[in-house]
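Colleague: Walk me through one part in detail, please: the pocket and what lines it. Spell out your cut-offs as you go.

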Amino acid sequence: APTLVYRPSYPMTQRIRWSYLADRTLGIAAMTIMLYLLIHTQIMPVLSVVVNQRDRLGAIISLLLPFTLAYLIFFFLVFEYILNWFAEITRFADRHFYDDWWNSRTFGDFARKWNRPVHSFLLQHLHRPLLLHWGRSRREAMLLTFLVSSLLHE
């Protein structure tokens, strides 16, 4: 099941929808091809030129849009296609992998919304124990959770 938090039982669908699975499979292939083409046509040429020149600011400006597109493609590849593909195969019904992170007003909102499985895991296995069992303040628990999340993501 595409989750990081163990529960004795999960909501399950009645059957595997083969047309949905085919759609997710085609989406995975299409997004992977788009990401590959973006990297090889827009990102790698700029990076290969930067190695031989000193115009790093120009390279950063040239790479802003391609890196943003790569980030969005990778996000939807993982959270919309791959996780839903695994959820369909395992008949996992709780498909709440992300919230509306694009409407976030603060970094804290963004961190909670963009990756729900990791947020749920860190909340249950790190943040709450820091508050309840280890007697840390809310601020300390939040800072330690953020640091652990940063280390694991990097």
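Modeller: Helices here are DSSP runs (H or I, at least four residues), numbered from the N terminus. This is a predicted model, where local features need pLDDT of at least 70 and side-chain atom pairs pLDDT 80 or more, while totals for chains, interfaces and linings use all residues. Residues are numbered from 1 along each chain as its sequence is written, and side-chain values use heavy atoms, with hydrogens and water left out.

A pocket here is an open set of points on a 1 Å grid where a 1.4 Å probe fits, with protein on both sides within 12 Å along at least five of seven lines; lining means an atom within 4 Å of a point.

The largest share is from α5, with 8 residues. By class, the lining has 10 nonpolar, 8 polar and 3 charged residues (Ala, Val, Leu, Ile, Met, Phe, Trp, Tyr, Cys and Pro are nonpolar, Asp, Glu, Lys and Arg charged, and the rest polar, Gly among them).

For context, the second largest pocket holds about 330 Å³. Of its 18 lining residues, Thr-3, Val-5, Arg-7, Asp-94 and Ser-120 are closest to its centre. That lining splits into 9 nonpolar, 5 polar and 4 charged.

Key
Helices (H or I, at least four residues) and strands (E, at least two) are DSSP runs, numbered from the N terminus. Grid points are joined across faces, edges and corners, and a volume is the space filled by probe spheres set on the points.
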